[in-house]
Amino acid sequence: MTRHARREQSRGTRAALGAVGVVGELMITLGVLLLAFLVWQLWWTDVEGNRDQQAIVEGLPWAQPAPTPSAEGPRVAEPRHDEPPVLEEPAHAVTFATLQVPRWDGEPARPISQGVDRATVLDVLGIGHYPGTAMPGGVGNFAVAGHRTTYGKPFHRVAELEVGDPLVVQTEEAWYVYRVTSTQIVRPQDVQVIAPVPDDPGAEPTERMITLTTCHPMYSAQERFIVHGVLDYWAPVADGTPAELLGGA
Amino acid sequence: MYAWLWRHLPGPTVVRVLILAVAALAVLAACFVWVFPAIAPYMPFSETTVGE
């Protein structure tokens with residue numbers, strides 16, 4: 001081999017090594033970007049979601065701020081068991097209610113909006129109401145969906161709920177205090193859980209139910225965690241605040 | 001690639017490091033604000049809804 005040929009070869013080797021180096025750098029860059037995506041998905045969407053959902057609730061002129069202990073104490077709403085007022089279903093993506101769950105101590109009130117698609121409701125507005133299911137207080141099944149992880153995760157602590165726990169829904173006019181009756185884990189296609197009579201599609205509803213649906217297990221969408229509840233009582237917002245939100249019951 | 005970038009940046013080492021840090025932050029910010037929200041719906045773990 002001449003000296004010239006050897007130099008040619010080493011130049012070729014150097015070019016090949018350079019190409020390998022560039023590929024390696026690209027792969028490291030891709031890996032770093034994937035890590036950044038995870039950080040965005042698992043952390044930043046919560047930061048944004050919590051901030052946005054808090055702003056939505058604060059923007060509702062009728063939404064009650066968390067009751068603050070005062071000398072005379074806030075007024076406790078008298079439970080009523082007569083026919084509650086029931087809203088008409090609003091237009092898509094309109095926020096019409098809030099949900100507060102005393103069991104989830106420290107969680108803020110979450111907005112409930114019409115619709116359950118991710119891009120316009122669940123990812124940006126918090127909890128979504130399945131269109132066509134009952135409205136709060138109505139006979140049938142008031143069915144809502146929410147993220148368990150990411151995007152503010154309104155239903156993050158759903159597994160902590162126990163039978164009998166209050167789920168407090170507020171609309172402009174009224175409080176609706178539901179109590180958890182059961183929880184179950186189903187496959188995503190088991191949509192009968194949001195039927196007017198859960199798990200019995202076609203049956204005529206007689207009870208005023210609530211159903212929360214969210215993902216299970218956490219960080220997965222393989223199954224669904226379902227919480228059923230039934231209306232305990234309602235009260236006009238003007239009458240005060242449910243005892244459940246005041247540390248009573 | 002990065003070696004090439006380093007050679008073509010102006011100024012002393014401190015300035016180059018600063019430029020790269022600012023550029024990396026800009027790329028990350030662009031990803032958080034535009035790129036990641038745009039690609040998130042196409043991730044395989046984002047199939048959460050079923051047709052009814």
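Student: What makes strand 7 and strand 8 of chain A a pair?

Tutor: Two strands pair if DSSP finds at least two bridges between them. Here 8 bridges join strand 7 of chain A to strand 8 of chain A, so they pair. They run antiparallel. One bridge links Leu212(A) to Val227(A) in strand 8. Strands are DSSP E runs of at least two residues, helices H or I runs of at least four, numbered from the N terminus.

Tutor: A caution on origin: this is a predicted model, where local features need pLDDT of at least 70, side-chain atom pairs count only at pLDDT 80 or more, and totals for chains, interfaces and linings use all residues. Residues are numbered from 1 along each chain as its sequence is written, and chains are lettered from A and ligands numbered from 1 in the order in which they are written.

Student: In what order do the strands of the barrel close?

Tutor: In chain A, 8 strands close in the order 1-2-3-4-7-8-6-5, with mixed pairing.

Student: Why is chain A called more spread out than a compact globule?

Tutor: Chain A has 2 helices and 8 strands. Its radius of gyration, taken over C-alpha atoms, is 26 Å.

Student: What does Tyr178(A) touch?

Tutor: Contact means C-beta atoms, placed from the backbone, within 7 Å. Among the residues Tyr178(A) touches are Leu167(A), Ile210(A) and Val230(A).

Key. Two residues are in contact if their C-beta atoms, placed from the backbone, lie within 7 Å. The radius of gyration is taken over C-alpha atoms; the globule rule is 2.2 Å times the number of residues to the power 0.38. Lists of a residue's contacts leave out its neighbours within four places in sequence.
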